[in-house]
Amino acid sequence: SETKAMFSVFGMTCSACAGSVEKAIKRLPGIREAVVDVLNNRAQVLYFPTYVNEETIRETIEDVGFQATLIQ
Ligand code: 9UX
């Protein structure tokens with residue numbers, strides 16, 4: 001069923017950075033919602049674990065160019 005993951009994301013300096021991270025996450029299969037907060041260096045993602053997992057989401061954030069760590 002629907003699962004929530006929170007990542008810390010470092011290196012974002014503007015809201016366009018956050019937008020590009022959100023867009024990349026939302027392109028993955030099985031994503032319900034992605035909210036990226038540039039001020040607090042956080043990305044919250046709701047996803048369906050049948051289709052995608054935390055590590056794939058984390059690597060997708062890194063592919064955009066930002067260091068990401070799963071925090072919960
Ligand atoms: Mo604009 Mo945010 O190039 O890094 S997207 S500063």
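Reader: Which residues touch the most other members of the largest nonpolar core?
Author: This is a predicted model, where local features need pLDDT of at least 70, side-chain atom pairs count only at pLDDT 80 or more, and totals for chains, interfaces and linings use all residues. Residues are numbered from 1 along each chain as its sequence is written. A nonpolar core joins buried Ala, Val, Leu, Ile, Met, Phe, Trp, Tyr and Cys residues through C-beta atoms within 7 Å. The largest one has 15 residues, and those touching the most other members are Val9, Val21, Ala43 and Ile61.

Reader: Which elements give two or more residues to this core?
Author: Helices (H or I, at least four residues) and strands (E, at least two) are DSSP runs, numbered from the N terminus. The contributors of two or more residues are S1 (3-10), H1 (15-27), S2, S3 and H2 (54-64).

Reader: Is Phe66 buried or exposed?
Author: Phe66 sits in the loop between H2 and strand S4 (67-70). Buried takes 20 or more other C-beta atoms within 10 Å, exposed 12 or fewer, partly exposed in between, with C-beta atoms placed from the backbone. Phe66 has 22 such neighbours inside 10 Å, so it counts as buried.

Reader: How far apart in space are Phe66 and Cys17?
Author: In sequence, 49 residues separate Phe66 and Cys17. C-alpha to C-alpha, the distance is 9.1 Å.

Reader: How many bridges join S2 to S3?
Author: Two strands pair if DSSP finds at least two bridges between them. S2 (residues 31-37) and S3 (residues 42-47) run antiparallel. Ala34 stands opposite Val45 in S3. The number of bridges joining S2 to S3 is six.
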